[in-house]
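Take a first look at the protein shown here. We will go through its chains, its helix pairs and its core in turn.

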Amino acid sequence: MDNTTVKNRQPFDDYGSMEEAMAPESFREDKDTDEGQLFLTPWQMIIRRFFQNKLAVIGLVALVVMFLFCFAGPLFYPYSETEQFYFDKDTGEELRADSDSEALVSSILQSMIPPSKTHILGTTKLGQDMLSRLMYGGRVSLIVGFVVVLLELVLGIILGGLAGYYGKWVDGVVMRLVDIISSIPFMPLMLLISALMISMGISPRYKIYVTMVLLGLIFWTTVARMVRGSILSLREMEFMQAADAVGIRPRNKIFRHLIPNTLPNLIVTATLSLGSIILMESTMSFLGVGVGLPFASWGNMVSLVNDNLVMRDFPNLWVPPGLCILVTVLAFNFVGDGLRDATDPKMKGR
Amino acid sequence: MRQYIIRRVLISLLVLLGVSMLLYALVRSMPADFVTISTSTSTRMTDEMRDALRASYGLDKSIPAGYVNWLIKALQGDLGNSLIHARPVTEVISGKIGITFGISALALLFELLIGIPLGILAARKRNTATDYTITIFVFLGISVPSFFLAALLKYWFGFYGLNILPTAGLVDARAIYNGFSIAKLLDYARHLIMPITVFTFVSMGEWLRYTRSNMIETIGSDYVRTARAKGVPEHKVIYSHAFRNTLIPIVTLLGASLPSLFSGAIITENLFGIPGMGSMLLEASQKGDVPLLMAACMFLAVCTVVGYLISDILYAVVDPRIRLS
């Protein structure tokens, strides 16, 4: 390749033109031979910009650590979520709930013992290991976050896509539904639903599934608004005229041509809402609306603080779960913000 | 413009009708209603007496019939009596709303007073240590669970910590004040320090981020460069040229934050023992007080709808480039 062609090209930077970014496959292969020229696909550019953002990388690392702690941690940690521990008065040994029952009769429950070598964060009122509950509680929070976001994405993409593409009465109906749902005050609604669940006798084990579905049914509106908005503007673009001219089926036009174009925005929205859903779930669990005992959740673990004795003498029982929520939500927000900057360079640093 | 407003108001009415139907269905479908809960400890109550009570409260009708009944009365301005308080719901709500509104408005004031100047500062010192510090501060505020922050503050400053701030209520229970006095005002202030700190810290981030990103945009625009080129002093460029344009989205956001002024934060009010809308809603939903719940929730829904409407209209008022249609 001679010098003139290289000179004519603009040096590649974050604001490189779309032509370069979308260089055909044949150009990309010889990227090393092209005198320092580097060709990247749009996704490679996004990933590159993302990793240049320090806060985003810190967030990502924190998330990986959190995930390992919650999902891989219990595999290596000897105690389970609800197992209770006893203390043998005679021998001074610690007994587990599954030890033979004769020894347990004469032993005492290890209730709220301070942090020690065997129980790094101490034990709860019921003599359960705190660190192990922290791991299982994190599982709940993270799973709730992902399931709810998945639900709201599915609902939001389908309904927002239909509203944006068909317009007219479809748009009217969907958007009125969005208006109605977003006008209902959220906290009273959750309180009502929780009262409903308690009186219908739904067991704590299933309450969490109901909670997830409900959160999904409420929060799809943000996604729907966003998808509809971007489809309204994308619909007028030339590639859509081409799609119209070729005569593709509407379903393919929506889901193969329009939705993929909203993908960068969708990913950002999804990441940021992961953070807010986890915050929401923990708030609900704190109020006793979400995940119920005996199952652990970071939110219901912090709610122990309502007991003045626990607040004063046992910060090891309520500070760690609170910090876990803070770190996880913070990390999702850092990553989401980094993704936004990376997908939209114009927004960089704003 | 007028046509736009009329159309929006009509749509809003439709939305409110939908909201009220959904809410009524939810409120009434609780199997344990007010009568069951309030008479559960009494052994002398018979089922007949309970049914008679239900009839007198209007809880014996089916859900659709009850809804139509509620709607007709509500449209005539009669929202019914609260079952718990045995007073008209409007009276109950107006007794609580002052406290919540006062606290929320005060918190909003602090959010604006701290958030906007910090946002401007961050925009001016973009990509410096100051900017990063402010950004991390904002993210902390957005991400911290309000109940955890409240608990930490109580732990550090409350009775079991440094013991310098009261942790519950609005006034010292042992103090007696006759009429208005400075001492009473100070007592209120001392009780409100922690709740308002929580409110402010948690919701300040939004204002700050908005201000920052919009300031960065306007500072980079041509007319600001022109102003600088012709030698306008820097503080004048920032505050009277650039900041004026930043006000547009802030004013819009202000309209949309109207409902939050009345709804209160259930968690914060609950943790600090403030007798406002939040704790009223909590009690009403636990005891199945249908009229009170309906009235309070509908009031909040109206606030939300009106808030959106105001923010759209304000948008056109502050920015003459925007034409509503």
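A residue is buried if 20 or more other C-beta atoms lie within 10 Å of its own, exposed if 12 or fewer, and partly exposed in between, with C-beta atoms placed from the backbone. Of the 350 residues of chain A, 37% count as buried. For chain B, the share is 34% of 325 residues.

This is a predicted model, in which local features need pLDDT of at least 70, side-chain atom pairs count only at pLDDT 80 or more, and totals for chains, interfaces and linings use all residues. Residues are numbered from 1 along each chain as its sequence is written, while chains are lettered from A and ligands numbered from 1 in the order in which they are written.

Start with the secondary structure. Helices (H or I, at least four residues) and strands (E, at least two) are DSSP runs, numbered from the N terminus. Chain A has 16 helices and three strands. Chain B has 14 helices and zero strands.

Next come contacts. Two residues are in contact if their C-beta atoms, placed from the backbone, lie within 7 Å. Take the contacts in chain A with a separation of 6 or more: 65% of them are between residues 24 or more positions apart. In chain B, 72% of the contacts between residues at least 6 apart join residues at least 24 apart.

Now look at two helix pairs. Two packed helices are described by the angle between their axes and the distance between the axes. Axes are lines fitted to C-alpha atoms, for helices over the stretch in contact, and angles run from 0 to 180 degrees between N-to-C directions. In chain A, helix H13 (residues 263-286) packs against helix H16 (residues 315-343) at about 165°, with the axes 9 Å apart. H13(A) is therefore roughly antiparallel to H16(A). (Angles under 35 degrees count as roughly parallel, over 145 as roughly antiparallel, 65 to 115 as roughly perpendicular and the rest as oblique.) Residues in this contact include Leu272(A) and Gly275(A) of H13(A), and Val329(A) and Phe332(A) of H16(A). By class, the contact has 12 nonpolar, seven polar and one charged residue. Here Ala, Val, Leu, Ile, Met, Phe, Trp, Tyr, Cys and Pro count as nonpolar, Asp, Glu, Lys and Arg as charged, and the others, Gly among them, as polar.

In chain B, the axes of H5(B) and helix H6 (residues 129-143) come within 8 Å and cross at roughly 140°. That angle makes H5(B) oblique to H6(B). Leu118(B), Leu121(B) and Ala122(B) in H5(B) meet Thr130(B), Asp131(B), Ile134(B) and Thr135(B) in H6(B).

Where do the chains meet? The contact takes 35 residues from chain A and 41 residues from chain B. On the side of chain A that touches chain B, H16(A) gives the most, with nine residues. That side has 23 nonpolar, eight polar and four charged residues.

Finally, turn to the core. A nonpolar core is a set of buried Ala, Val, Leu, Ile, Met, Phe, Trp, Tyr and Cys residues joined through C-beta atoms within 7 Å. The largest one has 140 residues, and Val302(A) and Ala151(B) are among those that touch the most other members. Beyond its neighbours within four places in sequence, Val302(A) is in contact with residues including Trp318(A), Phe147(B) and Ala151(B).

One last stop is Leu83(B), in the loop between helix H4 (63-75) and helix H5 (89-124) of chain B. Is Leu83(B) buried or exposed? Leu83(B) is buried, because 24 other C-beta atoms lie within 10 Å. The C-alpha atoms of Leu83(B) and Leu292(B) are 7.5 Å apart, although 209 residues separate the two along the chain.
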